[in-house]
Amino acid sequence: MEVVDGNIDRFGILYERYKTPVYGYFYKLTSGNSQASEDLSHNVFFKALKYKHSFKGTGTFARWLFSIAHNLGIDYLRKNTLYHTDKIDPELKDEEINGTERLELKESKAILNLSLNKLKYSDREILIMAKIRELKYSEIAEINKCSESAVKTRICRALKKLKDLYVEFEKTSYEKKEYYRTKDQGSAK
Amino acid sequence: MKKKNITERKIRDLLNDQKGLSAEQKRDIEEIYDMLLNDDIPEPPDSLDDRFYSIMKDKIPEDNGNYRIRLSGFLKSDSFRVMTRIAAGIALFIIGWFGARITDSAQSGEKQLAELTREVSGLRQSLVITMLSQDSPSERIQAVNMVSEMNEVDSKIIESMLSTLNNDSNDNVRLVALETLTLYVDYPEVREGLVKSISIQKSPLIQYRLAEIMQALQEGRSVPEFQKVLNDITLDYSVRERINETIEVLL
Amino acid sequence: MKSPHKSRKLRPVLISIFALIGCCVFAQSKDLIIELDKGKEFGYLQFDNPKGSVNVNGYEGNMIIVTGTPRFKDKNDENQGAYRKISQPRFSLTAEEKGNNVLLMCESYGNTIDFDIQVPVMMSVKIKCLDNGNVSIYGIKGEIEIDNKYGNIFAGNIEGSSVINTSYGDIRVIFKELNHEKPSMFSSFDGDIEVVFPDDAQANLKIRSLRGEILSRIDLETYDRKVQMQSGQDMKRYSLENWTRATMNGGGTEIIISSYSGDIILNHKKDVTFQ
């Protein structure tokens with residue numbers, strides 16, 4: 001019952017606590033579009049502030065807040081085709097050879113994000129929601145209006161697809177690296 | 001270390017209920033899920049904070065969550081002008097009240113608090129009456145809603161509700177006025193007003209509701225009024241049936 | 001109740017373009033174009049059409065373009081012997097404009113005239129029809145007030161608060177957005193009322209159908225509200241309200257829907273297909 005008494009100051013505390021997961025949710029959902037993520041995050045808290053009196057205390061505040069976020073995400077989807085993007089993590093540079101281990105970590109992160117972006121919206125969304133520490137599976141189920149076991153099944157299926165994509169991209173990336181490596185060797189001779 | 005425990009538990013929790021997955025499939029899911037859960041999310045930019053705290057500053061406290069005033073639209077409306085005048089009056093009153101409180105004894109403080117409460121509810125009533133004369137039917141509906149939230153009403157408010165019921169150009173506004181008036185049927189002037197309204201109403205929904213209400217109230221005085229309505233040949237058939245039923249019960 | 005057009009000094013603005021179509025086969029259409037003041041805020045358009053339909057479409061611009069078309073061929077259009085009949089106008093259109101509020105008037109001499117009106121999206125509209133026609137509003141962001149006693153009412157892609165009522169027609173409303181502060185209300189005596197909400201819409205619903213059903217594809221949280229009857233006396237009386245109250249997505253804009261025998265149908269945008 002953190003916010004039911006309508007105390008505005010307390011709402012600030014809740015903002016500080018949830019701003020990062022909310023922003024992160026949209027950041028992953030929009031494939032790294034920081035402006036859109038900021039706008040969407042702002043809208044979530046604006047709406048939450050406006051309708052805070054309607055939070056009846058059934059369920060946690062996190063569930064209520066992410067329910068708003070979930071719906072705003074769908075709305076954003078409708079306005080911007082957001083299914084696929086081939087945008088590569090800008091931090092990854094093919095040519096970087098210093099610190100191979102760091103590169104590998106960055107690379108795997110890049111491949112993971114690439115794979116995530118290739119998923120269709122509903123799969124990506126449920127995985128990102130699963131990522132949120134503050135949400136239990138039962139709460140994700142409530143937001144998506146289905147049973148807890150259904151949500152878990154959906155997550156598993158989405159993870160399987162993510163894995164398949166990851167493997168695919170990893171192979172492509174390796175092949176690309178091999179190509180450049182042999183090319184370099186060839187030119188060095 | 002703690003972080004790892006949480007993710008481990010989350011992964012375990014997910015896979016526990018899943019039947020029909022081979023060990024290899026489970027392992028695949030575990031690996032990718034672990035990667036996903038450990039993937040960092042960025043911190044939100046400072047501009048998000050700026051935007052949030054600026055709307056916090058502008059936020060106007062809500063009244064029962066039922067009647068919300070948006071500042072920009074409100075400033076342009078007539079209600080605002082009335083409110084500023086009344087607010088100025090109240091401000092003066094409050095200043096006078098504080099001044100009086102210093103000189104008076106503690107006993108009369110209670111009386112003055114009651115006066116202040118009356119003054120504030122008077123503000124609400126003036127606002128309702130102003131809103132009832134707005135062009136926008138939506139605002140008039142809001143005004144009627146406000147009346148239904150009030151704890152007590154005076155004859156001025158009752159008069160305004162009856163006037164709305166009888167004269168408002170919009171059927172919907174009249175309908176909500178009727179519904180609000182049903183909260184006050186124990187006031188004799190409301191009952192009288194409703195009875196008098198019967199022969200004036202032309203909207204079938206309102207006529208139907210009046211028939212229901214009069215029957216529930218066992219209000220015999222409504223019978224001659226309903227009989228006037230029955231003379232109208234354009235009266236809706238379902239409404240006619242309902243009125244006949246009411247008349248039968250009340251006679 | 002303040003009557004907007006009575007207390008003002010009226011300054012009729014009449015810019016009309018007569019468009020004669022063909023020779024007597026089709027009824028004559030007339031256009032009326034009203035240019036609004038760019039500097040001022042958009043007001044409302046008020047129009048009463050006793051017989052015929054009214055279609056209003058919002059567009060990006062600042063003119064109001066009204067086209068009236070008589071629906072039925074005038075029996076008297078045939079020639080009489082050697083005489084060629086000269087058609088007389090079957091209706092006249094005038095508009096009074098003050099501060100971007102427009103009062104449109106039509107004298108139709110008992111004829112059924114259908115109107116197509118283009119208005120700037122930000123305008124509010126107030127339309128009243130009686131018989132022989134439906135009212136359809138599309139793409140308006142301002143407030144909407146419609147009364148069509150015998151016909152149907154359709155309001156699509158709207159955003160502002162709407163107060164709509166009909167006695168015998170059906171109502172279909174499709175909200176593009178639902179974030180307006182003021183309440184909306186829809187009522188019909190015998191007709192069905194369908195309201196389509198944006199998928200993330202947040203609303204507080206107050207619904208009642210005396211003889212019809214309330215059907216919803218949207219998940220709603222219903223609750224009972226006990227009201228205290230006021231009497232100004234010591235005794236307090238309580239009763240359960242007649243309305244069915246519900247919240248959608250946590251609550252928000254107030255929507256009131258009332259019908260006698262019609263069904264009330266609530267859908268999300270994703271549940272319906274549009275023409």
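Two residues are in contact here if their C-beta atoms, placed from the backbone, lie within 7 Å. This is a predicted model, in which local features need pLDDT of at least 70, side-chain atom pairs count only at pLDDT 80 or more, and totals for chains, interfaces and linings use all residues. Residues are numbered from 1 along each chain as its sequence is written, and chains are lettered from A and ligands numbered from 1 in the order in which they are written.

**Stop 1: chains A and B**

Select chains A and B together. Their contact takes 33 residues from chain A and 27 residues from chain B. On the chain A side, the elements giving two or more residues are α1 (8-29), α2 (34-50), α4 (100-118), α5 (121-131) and α7 (148-188). Helices in this tour are DSSP runs of H or I with at least four residues, strands are runs of E with at least two, and both are numbered from the N terminus. Colour that side by class and you will find 15 nonpolar, nine polar and nine charged residues. Ala, Val, Leu, Ile, Met, Phe, Trp, Tyr, Cys and Pro count as nonpolar, Asp, Glu, Lys and Arg as charged, and the others, Gly among them, as polar.

**Stop 2: helix α9 of chain B**

Now select residues 171-181 of chain B. Eleven of the eleven residues of this helix, α9, are buried, so it is largely enclosed by the rest of the structure. Buried means that 20 or more other C-beta atoms lie within 10 Å of the residue's own, with C-beta atoms placed from the backbone. Among the buried residues are B:R174, B:E179 and B:L181.

**Stop 3: helices α11 and α13 of chain B**

Next, show residues 204-217 and 237-250 of chain B. These helices, α11(B) and α13(B), pack at an angle of about 15°, with their axes 9 Å apart. Axes are lines fitted to C-alpha atoms over the stretch in contact, and angles run from 0 to 180 degrees between N-to-C directions. α11(B) and α13(B) are therefore roughly parallel, the word for angles under 35 degrees. To see the contact, display residues including B:Y208 and B:M214 of α11(B) and B:I243 and B:V249 of α13(B). The contact residues divide into eight nonpolar, three polar and one charged.

**Stop 4: chains B and C**

Bring in chain C. Chain B gives 29 residues to this contact and chain C gives 27. The largest share of the chain B side, five residues, comes from α7(B).

**Stop 5**

Finally, hide everything but chain C. Its secondary structure comes to zero helices and 24 strands. Of its 275 residues, 44% count as buried.

Note on methods:
Buried ≥ 20, exposed ≤ 12 C-beta atoms within 10 Å, placed from the backbone. Parallel < 35°, antiparallel > 145°, perpendicular 65-115°, else oblique.
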